[in-house]
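Morning, everyone. Please have a look at it first.

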Amino acid sequence: MSHPHDTVTISWERSMQAFSPQEWNAMAAGSTPFMRWEWLDLLERSGSVRLETGWLPLHCAVRDESGLVGAAPLYAKGHGEGEFVYDRLWADLARQLDIHYYPKLVAASPFTPVRGYSFLSLPSYPRRAALRHSMLSGMLQLAQSNNFSGLHVLFIQDDFGDQLEQWGMTAWEHQGFLWENRGYGSFEDFLSTMRSGARTTIRKERKRLADSGVKVEVVDGTQAPEEWFGLMHHYYEDTNDKFGEWGCKYLTRDFFLGLSSCFRERLAFSAAFEPGREDPVGLALLVHDEGTLYGRYWGAAREIPFLHFELCYYAPMEWAIRRRIASYDPGMGGEHKPRRGFSSLTTRSMHRYIDPVLAKVFTRHIPQLNAIAHEHIQHLEAMCPFKRP
């Protein structure tokens, strides 16, 4: 299925295998690791993303006479799970209005609430803004022609979000976290920016864990033992089971095992060891690029006081400081994060509903939800224990 749009042709591909890894990654340069071909392809090959899990690939491919010039991950969704943009409110409203909400089109890196999604294009392409606009128009036409309720573009790059807003998409704002490395020479340098009470609390937490005999180290993915990838899947499933309906248990064992062969150089493990045991009692999987560290999945064999904070916050921060990585995105949720040095920021998703009634209700009431998000961000920022000038 394809159609000409100006000087380019847009088609919808059912698999990442339809793209050359080299061509895709050339366009994804500068994006997050979760926009790379290897990550998106592994989601499909491992069975994590497929029709049966409610994620049907319909990736956007844009070609001109020279070949591929643009692309974007795109999925037909039969439910609202695994997106981390919780739109049950709008699905319930659509049902009350007797409007079909599913299927819908979702432009995102699946299961990844990391700011940085964008439509990809060749860096040398001379009309990149026009190309993006053509891709958006093509997606909206796809939605309208195939009875999708709308298009949802999740966790976008800031500048791309500005473009989408100019082109008629509506922004829904959400709260996220980020730790910034302000040129710290050590973890103690970072602690020195905090008020004394917070410094004391963090030092006590780290000491309590160390006194229990548990040691934590961050191991580069290229050095991680093969068996850690399967163990990480076990911990990932166990952690998601504890969240019940709020969990996001889509990634298969084959996905984690596959990371070993195609993504090691962008991974690190935060690993906890008990005395006399070789297997980690806890693991956190981290992903990184040149400028940002991302906390993704974690779990432990049993509850150990303060292990989560060390595995997922303090040890990765220290590692980022040593590697001179500028920022650390720890993932969503938790009022314990601002107390440990994570600032709140605004992330955006962009939406366009096809049904005029649903579109009108959404655009009329979304400012209220955005105002609530801003209030929540201010509340969390007030909890940050940094010294004030």
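Let me start with two residues, Phe187 and Tyr314: both are buried. Keep in mind that this is a predicted model. The rings of Phe187 and Tyr314 make an edge-to-face pair, with 5.8 Å from centre to centre and 65° between the planes. Where do the two partners sit? Phe187 belongs to helix α6, residues 187-191, while Tyr314 belongs to helix α10, residues 307-323. They are 127 residues apart, and the pair links distant parts of the chain.

The charged end of Arg206 sits over the Phe187 ring, 4.4 Å from the ring centre.

Now to a second pair, Tyr313 with Phe342. Their ring centres are 5.3 Å apart and the planes meet at 65°, so this pair is edge-to-face. Why does that angle give the label edge-to-face? Because planes over 60 degrees apart count as edge-to-face. Tyr313 is in helix α10, and Phe342 is in the loop between β15 (327-329) and β16 (343-353), so the pair ties together parts 29 residues apart in sequence.

Val281 is in the loop between β12 (267-273) and β13 (282-288). Its relative accessible area is 6%, so Val281 is buried. What does Val281 touch, apart from neighbours within four places in sequence? Its contacts are Tyr235, Ala272, Phe273, Glu274, Ala300, Ala301 and Ile304. Leu231 is 50 residues from Val281 along the chain, and their C-alpha atoms are separated by 9.9 Å.

Ser31 is in the loop between α1 (21-28) and α2 (37-45). Is Ser31 buried or exposed? At 16% relative accessibility, Ser31 counts as buried, because the cut-off is under 20%. Not counting residues up to four places away in sequence, Ser31 touches Leu120, Gln157 and Asp289.

That is what I had. Thanks.

Methods
Residues numbered from 1 in each chain as written. Predicted model: local features only at pLDDT ≥ 70, side-chain atom pairs only at ≥ 80, totals over all residues. Heavy atoms only, no water. Helix = DSSP H or I, 4+ residues; strand = E, 2+ residues; numbered from the N terminus. Buried < 20%, exposed > 50% of the residue type's maximum accessible area, 1.4 Å probe, protein only. Contact = heavy atoms within 4.5 Å. Phe/Tyr/Trp six-rings, centres within 6.5 Å; stacked < 30°, edge-to-face > 60°. Lys NZ or Arg CZ within 6 Å of the ring centre and 35° of its normal.
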